[in-house]
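Please look over the charged side chains of this model before reading on. The points below take them in turn.

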Amino acid sequence: MTESALNTPDLKDLEEDELWDLINDNRHAISLGVRPCLLIPYLRQARVLTDLDEDEILTCLKLSNRSMRTSHMLDLLRVQGRNGAMALLESLMIHYPTLYTQITGRQPSTEPSGFSGLIKYTELTEYLVRAVSGMQTELQEARHEAARLRARCSELEGKLGQAQQNIEEFSQMQGEHARLRSHLAGLHRDWLKQKDEMCDLYVRYTTAVEEKSASSIHNRELHLQVYQLQCELRKAQKETDLQRQRSLKNISLSDTQQLKEEINALRAKLLEAEKFSPARQDILAQDLEEARDRRSELAEEVGRLSEESERLQQEKEELLEEKDCLALEVEKLTVDCEMYQHKSALFQSQLGEVQAERDRAYLSRDEAQAQTARSLAEKDTLRGQLMELQEKVFTMNVFSRQREERQKSRDRKFSWESSRDSSSECPPCSSPARVRLRRMDALHPECFHLYDTSEFTDEGISSVCSSQVEPPCYESLRRRELHFPSSNDSSQELMDDSSLSILDLDNDFVFINEDVDEPRLSASLPCPITKRSPSDSFSRASVPPFLVRARPQALRITGRVVTISVHGEMLLNQLQVIGGNKTGVFVYHVTEGSSAHSAGISHGTQILQLKYEREQRTVRMVLEDTTMEEALWALGQVQGPCHITLRPSQDAYENLLQQLKSGEVISGDSFYVRVNMTLAGDIAGSLAVRCNDIVHVKNTHYGNDGSWWASLVHACQLMDLKSGTLPNYYRAQRLLIRAIEDMTYPRKTHRKVERAVAHEKRRAVRIVSTGQQSRNPLWVSVEDDKCNCSVPRRCVTLMPYTLVTPHYPPICRPVLLFPTILGRILHKRLTEQEGYQLCESELLMASEHAVRMQKGEILEECDSKTHRCYTMQGVDKIMKRGTHCVLPLGLDCVRRLHRAEIFPIIIFIMSTERSIRRLRHKLRQNSLTESQVLECSSSEEPLLDKLPCLYRSILPDSWHDSATLVDTLKTVVTEEQNKIVWVESDLW
């Protein structure tokens with residue numbers, strides 16, 4: 001290990017990109033294992049970070065965890081270039097030696113020769129002493145903390161034992177509670193049984209009472225019958241006596257005897273009726289005793305029920321007492337709720353007052369800004385008037401000198417060319433050149449009538465030239481001297497009085513120098529100056545340096561960026577735009593009388609940015625390189641006041657108009673996308689595309705139905721083929737979701753049809769989702785001022801289209817065969833053919849292995865112990881021979897090859913049970929089974945869709961044995977070699 005560290009090249013000899021490649025390869029480990037607060041002092045000492053950077057890293061609310069802060073620190077150091085990388089590695093060598101060894105492959109050393117020299121030797125020694133003392137202090141603190149934690153641990157162990165005892169007691173109490181509950185349940189069941197028995201007794205008692213009442217009723221009925229019989233008997237006796245008296249004389253002895261017998265029978269019946277039989281009397285007596293016994297039992301039961309009712313009455317009283325307590329608590333809670341409501345009302349009122357104060361502050365701020373704007377306008381108006389007066393004075397002087405010249409030589413005619421010839425003859429003016437009134441970053445006074453509500457900015461001068469009412473400070477003057485060295489010495493930089501520069505005052509004011517000759521002036525102007533008439537020409541010797549109004553062919557400053565405030569209600573009704581992501585978005589037409597027209601927006605200016613407020617947040621939309629669809633959507637989002645950043649670009653605008661008129665282009669849009677789904681051209685004019693087709697989008701606003709105008713691209717040439725309409729990104733995304741739903745819930749089809757379209761269904765959709773990346777031209781760039789714009793926004797969504805860029809590969813590209821198990825069998829057969837060679841692994845020394853690992857030149861390791869691996873140099877060596885390099889590697893090497901601008905041919909052999917049987921003999925020779933090949937194929941096929949490039953599939957029916965499969969592979973390699981390689985940005 002020591003020899004490898006000694007043989008590793010010094011970090012000072014590495015370039016900036018190599019150093020940052022080492023850091024980026026281990027970025028994940030750095031973000032997880034490094035604390036920024038430890039490295040920042042050294043980085044501050046090395047002057048690669050400022051105090052503002054430190055505050056942003058440590059206190060930014062958007063950086064919610066340590067990994068985000070560390071990643072942001074790496075982004076800031078990346079801006080510093082090589083010094084940032086060296087300072088980061090040296091700080092890791094001091095504070096994280098293990099991580100430093102992992103990144104660089106070198107052992108950490110605190111010798112001064114091991115540092116890059118960003119910090120002086122004395123400062124480095126002091127920092128190392130402070131770092132060592134700080135580490136010792138941290139070690140002591142860590143030991144104290146460990147002792148405290150051990151004491152805390154013992155205390156917690158005691159508490160844990162106590163808690164376990166409490167748990168045991170609690171378990172015992174739970175057991176006792178369960179036993180008591182079971183006993184209570186048993187008592188409750190007994191009480192229910194007794195209650196049921198009481199109910200039965202009560203029923204029986206009521207039945208006995210009813211029987212008693214029935215028996216008494218029956219007795220009364222019997223007594224009534226006896227009474228009726230007695231009445232009938234008396235009546236019968238009376239009738240008998242009457243008949244006896246009437247028939248005493250005529251009744252014979254036989255009849256008398258018969259009547260007597262009847263009377264005796266009736267008397268016997270009467271006695272029987274008056275007297276009960278002994279059996280019946282016994283039955284009645286027994287029933288009476290039973291009724292008395294039941295009555296006594298029922299009385300006892302009634303006593304028990306009365307006791308139960310008393311107990312229930314007591315429970316009722318206890319429940320009423322609990323109810324009263326709960327009512328008191330409810331009253332207390334009601335009072336507390338009313339108090340909190342009162343407090344919330346007070347808070348709301350105070351919040352309203354604060355909002356009113358805020359509104360008043362906003363109004364006062366707006367009034368102050370308006371007053372400042374008025375002051376600036378008045379100031380500029382006065383300056384404009386002063387310049388006009390001085391211009392008139394100089395014009396009068398010119399005419400007076402011209403009259404003097406005419407008196408001397410009347411035949412001479414003055415023009416711009418004659419003045420140039422006379423400049424060499426006329427001696428320079430003897431009077432010393434005086435410093436004239438000059439203004440930097442000035443605007444014509446008439447512009448303020450058009451831009452009363454406008455805001456002008458210049459990216460190059462806004463930080464230097466003052467736009468305030470107050471005079472510039474010393475620091476502002478110093479910055480002006482740095483940025484405008486031509487204004488330091490007016491006597492050396494002003495042009496001669498005879499020289500004249502013609503400028504467009506409607507667009508800007510610039511300086512006219514004196515001591516510069518005309519060739520230098522003409523070389524500095526981008527457009528030529530034409531000849532003037534004698535009435536418009538001036539003498540070079542008579543005209544002092546000043547700002548002169550522009551003529552038709554004047555100099556235009558197209559680099560100025562202007563921000564204008566416009567009331568953007570229905571902004572699309574005020575402006576018409578043309579262009580796209582390739583040419584930029586330009587204003588084509590402005591509605592007269594609109595707020596945009598009154599603000600001074602004219603056709604031919606490029607729209608760079610929109611800025612407006614929405615839901616109390618400032619939203620900024622960058623339109624510099626957006627598509628036409630994006631620009632129209634962004635302009636349609638503006639509802640209210642907005643700030644539009646414009647840049648005059650008349651040449652580009654006229655070039656775009658000429659191309660549109662000649663038919664060379666149909667819009668300013670032009671980009672290439674990879675289609676991730678199959679779209680059938682059902683509608684007339686629509687373009688039918690398949691999954692993984694490359695499409696050239698020429699117009700993103702074709703019609704009003706959300707369609708793009710695109711063309712298919714030739715596979716071998718950058719040439720457009722069939723053209724038609726495509727659904728835009730939003731419509732295609734919905735179609736993609738619908739296609740996924742159809743694949744998830746397939747319909748029942750016939751087996752033959754299902755077999756015919758099985759392959760097409762497999763390639764109908766390619767699932768691609770976005771990760772954390774930079775802005776994509778397919779979506780509008782909307783930025784919020786409250787967010788950290790240095791961190792790319794994360795957007796996870798399905799992508800029907802992905803942006804791709806064309807690459808033109810060299811003569812022979814490497815070849816990768818998948819699935820890997822089947823590729824191992826075919827590698828030897830393919831390398832036996834002419835023009836193919838198998839890439840062999842190399843045995844590297846430990847030091848060489850570390851160096852190549854740092855540079856990212858190792859594709860895959862065969863054995864980490866012996867350092868045998870496949871390298872980028874081995875692939876490049878075979879390619880330079882004009883031979884296809886067959887790589888026995890996996891999918892992980894594809895992205896490494898792309899970094900080195902090497903684009904392999906990826907071939908996937910689709911496998912089925914029927915096709916694998918054709919290679920059964922080859923599989924047995926390599927100790928493989930058919931199930932292993934099918935499993936490898938099903939596991940690797942989804943990973944191929946995640947590659948940033950296209951791959952070629954070979955159908956199972958296109959070959960019959962190993963020989964025909966090799967011939968098919970050769971044909972596919974030849975076809976793919978002639979094609980353009982389309983690579984998309986790596987989304988994973």
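**Notes on charged side chains**

1. Arg148 and Glu145 sit three residues apart in helix H9, about one turn of the helix. Helices (H or I, at least four residues) and strands (E, at least two) are DSSP runs, numbered from the N terminus. The two side chains meet in a salt bridge, at 2.2 Å from N to O. A salt bridge here is a side-chain nitrogen of Lys or Arg within 4 Å of a carboxyl oxygen of Asp or Glu.

2. The model is predicted: local features need pLDDT of at least 70, side-chain atom pairs count only at pLDDT 80 or more, and totals for chains, interfaces and linings use all residues. Residues are numbered from 1 along each chain as its sequence is written, and side-chain values use heavy atoms, with hydrogens and water left out.

3. The classes are buried (under 20% relative accessible area), exposed (over 50%) and partly exposed (in between), with a 1.4 Å probe and protein chains only. Accessible areas come from the Shrake-Rupley method, and for residues only the protein chains shown count as cover.

4. The structure holds 23 salt bridges. One of them joins Glu16 and Arg78, with the closest N and O atoms 3.1 Å apart. Glu16 belongs to helix H2 (residues 16-25) and Arg78 to helix H6 (residues 66-79), so this pair ties together parts that are 62 residues apart in sequence. Glu16 is partly exposed at 29% relative accessibility, and Arg78 is partly exposed at 35%.

5. Arg365 forms a salt bridge with Asp366, where the closest N and O atoms are 3.4 Å apart. Arg365 is partly exposed, at 43% relative accessibility; Asp366 is partly exposed with a relative accessible area of 36%. Elsewhere, salt bridges that share partners link Arg952, Glu975, Glu976 and Lys979 into one network.

6. A patch of negative charge on the surface gathers Glu210, Glu211, Asp287, Glu289, Glu290, Asp293, Glu297 and Glu300. Helix H9 (121-246) and helix H11 (278-408) are the elements that give two or more residues to this patch. Patches are made of residues with over 30% relative accessible area and no salt bridge, like charges being joined within 9 Å and nonpolar side chains (Val, Leu, Ile, Met, Phe, Trp, Tyr) within 5 Å. Lys and Arg count as positive and Asp and Glu as negative; His and the chain ends are not counted. The place of a charge is taken as NZ of Lys, CZ of Arg, CG of Asp or CD of Glu.

7. Which helix gives the largest share of the negative patch? H11 does, with six residues. Asp287 is found in helix H11 and counts as partly exposed, at 41% relative accessibility.

Terms used
Areas by Shrake-Rupley, 256 points an atom, 1.4 Å probe, with all protein chains shown as cover.
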